[in-house]
Amino acid sequence: MTVSYTLEVANVRFGGFSKLLFRWKGSIYKLLYKEFLLFCAFYIFFSLLYRLWLTSEQQNVFELLSLYCNQFTNTNFIPVLFVLGFYVTLAFNRWWGQYTSFPLPDNLMMVVSGNVHGADEKGRLLRRTLMRYANLSSVLILRSVSTRVHKRFPTLEHIVEAGFMTSRELKILESLDSDFNKYWMPLTWFVNLASKAREETRVRDDIALRLLMDELNNYRTKCSLLFHYDWISLPLVYTQVVTLAVYSFFALCVIGRQFLNPEKGYKDHKLDLYVPFITLLQFFFYAGWLKVGEVIINPFGEDDDDFETNQLIDRNIQVSMLAVDDMYQNLAPLEKDKHWAQRHFDIPYTVSTAADRLKPAFKGSTFDMRMSLEDLELEQAGDGFLLKEGNKDSLLQGCSLPSLTDTTIGPCITLNEEDELHC
């Protein structure tokens, strides 16, 4: 289930984000602890090997190897920050694009409810069938890209059992000879049924039919985008480069960041702290950054922060059927509102929000800008422009106004060094 913490960060307060550090579900600790423990195990193994099991001569060789590896743990040699930052940025843009491509039936159901008429059983059947076809299309595409949805509907018979499709419609779907995904077929049924409703004047004019087609095409576009996001991934070579960069960097750190004997006077090895705190922090940040990219590159899995596709399916079919069936022409009687006799609405405030009433309304950033009286004076004479340069006024007729440092004032008037005008 998606981890939401929006309410906890609604107001800025001291240590606001620090409370989020102690969450486990959806946290970086849950994603990274296995790799972190593995790195620590390798580091401890080489540390014990160096301190307890090697002879003096072997220790000298290990120290030379450690110094050699340490010179490559500088990020200038392995550009971990660059490749990680660029990769996670691409993955995040892809994640957001997939979120905005999720097919929601809200716009389509409003158009169907307002333009497919008929309070009788046939009108109700038309509206419900149109929205069922739209939802069926999204279910077919989601079971192709989401592991959660595929586990819920492993076969087309499960979709029939759920009520998204009838047995006859399943036979028509299976009878079509095509090697490609058939998520678009229910949308074709939608188009044909809407055209039939227009012939029966259930859709009263061509403008309403065009509106239905436009909204359906928007819906189809989002289904298609989800399919192509699933088909076309980020280039595999880039994912491999990023993974190799991070893993090779910390493979060098396992040996290169070992604490050597301070008595031997190696550069930057004056202390023996046993525990490489800075290196562990680096691993936590860099490997954690890589995990972020791994999580968001495909949000249709079963991670804690992946999209709740099954819940969205339930929501979409419920609200779309309510909109075109229960809510069709289900209007409250018209009556005067509470503020009918008032010139302005006077909306009450609760005690906790009463202070908001005292705040002046925002009218624009320059509304209260102050200007001096001199700046408010108008400077004009006749049909020309009055330019001031020092204590001299010059009246220029029929020319543009360039900078006073220019010698050319207009296409026919020039200003010489004595400030005389010549055509």
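Reader: In which hand does H4 pass H5?

Author: This is a predicted model. In it, the crossing of H4 over H5 is right-handed. The two helices cover residues 106-115 (H4) and 121-145 (H5), and their axes come within 10 Å of each other, crossing at roughly 165 degrees.

Reader: Which residues make the contact between H4 and H5?

Author: From H4, the residues are Leu108, Met109, Val112 and Ser113; from H5, they are Arg127, Leu130, Met131 and Ala134. Sorted by class, this contact of H4 with H5 has 6 nonpolar residues, 1 polar and 1 charged.

Reader: At what angle do H4 and H13 pack?

Author: The angle between H4 and H13 is about 20 degrees, and the axes are 9 Å apart. Angles under 35 degrees count as roughly parallel, so H4 and H13 are roughly parallel to each other. H4 passes H13 in a right-handed crossing.

Reader: Which residues of H4 and H13 are involved?

Author: H4 supplies Asp106, Met109, Val112 and Ser113, while H13 supplies Arg315, Val319, Ser320, Ala323 and Val324. By class, the contact of H4 with H13 has 5 nonpolar, 2 polar and 2 charged residues. Met109, Val112 and Ser113 of H4 are listed for the contact with H5 and also for the contact with H13.

Reader: What is the relative accessible area of lysine 291?

Author: The value for lysine 291 is 14%, so this residue is buried. Lysine 291 belongs to helix H12, which covers residues 277-296. With residues up to four places away in sequence left out, lysine 291 touches Ile28, Leu31, Leu32 and Glu35.

Reader: Where does arginine 357 lie?

Author: Arginine 357 is in the loop between helix H13 (309-326) and helix H14 (373-376). Its relative accessibility is 45%, so arginine 357 counts as partly exposed. Apart from neighbours within four places in sequence, arginine 357 is in contact with Asp346, Ile347, Pro348 and Tyr349. The C-alpha atoms of arginine 357 and isoleucine 347 are 9.9 Å apart, at a sequence separation of 10 residues.

Reader: What can be said of the protein chain as a whole?

Author: The protein chain has 14 helices and 4 strands. It has 423 residues, of which 35% count as buried. Of the contacts between residues at least 6 apart in sequence, 66% join residues at least 24 apart.

Reader: Where does pLDDT stay under 50?

Author: Where pLDDT is low, the predicted coordinates should not be read in detail. Here, pLDDT stays under 50 over residues 385-423. For that stretch the model has 50 contacts beyond four places in sequence. Over the protein chain, the mean pLDDT is 89, and 89% of the residues reach 70 or more.

Definitions and conventions
Residues numbered from 1 in each chain as written. Predicted model: local features only at pLDDT ≥ 70, side-chain atom pairs only at ≥ 80, totals over all residues. Heavy atoms only, no water. Axes fitted to C-alpha atoms, helices over the stretch in contact; angles between N-to-C directions. Left-handed = near helix turned anticlockwise from the far one by under 90°. Contact = heavy atoms within 4.5 Å. Nonpolar A, V, L, I, M, F, W, Y, C, P; charged D, E, K, R; others polar. Buried < 20%, exposed > 50% of the residue type's maximum accessible area, 1.4 Å probe, protein only. pLDDT = per-residue confidence, 0-100. Parallel < 35°, antiparallel > 145°, perpendicular 65-115°, else oblique.
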